[in-house]
Amino acid sequence: MIRDTLLVIDDSELDLAILNEIFKHHFRVVCEMDARRGLTALKHDKARICAVLLDICLGRRGAGFAVLHQFQVNQETSDL
């Protein structure tokens, strides 16, 4: 399967719209507004995802680091 998907996780609708507009001509873009949905999307579409664009200030200051840590310790997503 071709890795052609960019997963964008950001809690700002404006940021998601802007990033989708920037990248939609180069990638299949999947946008999620919270960490839980982002993790679910990553697990569901792992074979197609080539990169994750993650808001480090997700939800509250520094919460994106917690999401990144979850990506790293989860066996299903640690190899990305």
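Tutor: Start with a term: contact means heavy atoms within 4.5 Å. This is a predicted model, in which local features need pLDDT of at least 70, side-chain atom pairs count only at pLDDT 80 or more, and totals for chains, interfaces and linings use all residues. Residues are numbered from 1 along each chain as its sequence is written, and side-chain values use heavy atoms, with hydrogens and water left out.

Student: Which residues does E76 touch, not counting residues up to four places away in sequence?
Tutor: E76 sits in the segment after α3. (Helices are DSSP runs of H or I, at least four residues; strands are runs of E, at least two; both are numbered from the N terminus.) E76 and K43 are 33 residues apart in sequence, yet their C-alpha atoms are 6.6 Å apart in space. With that sequence limit, E76 touches K43 and K46.

Student: Is T5 buried or exposed?
Tutor: Buried means under 20% relative accessible area, exposed over 50%, partly exposed in between (1.4 Å probe, protein chains only). T5 lies in strand β1, residues 5–9. Its contacts beyond four places in sequence include R28, V30 and D45. The relative accessible area of T5 is 0%, so T5 is buried.

Student: How does L14 count by relative accessibility, buried or exposed?
Tutor: L14 is found in helix α1, residues 13–23. In general, nonpolar side chains in soluble globular proteins tend to be buried together. L14 has 58% relative accessibility, so L14 counts as exposed.

Student: How many disulfides does the count come to?
Tutor: A disulfide is a pair of cysteine sulfur atoms within 2.5 Å. For C31, the nearest cysteine sulfur is that of C50, 13 Å away. For C57, the nearest is that of C31, 18 Å away. The count comes to zero.

Student: What does C57 count as, by relative accessibility?
Tutor: C57 is in no disulfide. Its relative accessibility is 45%, so C57 counts as partly exposed.
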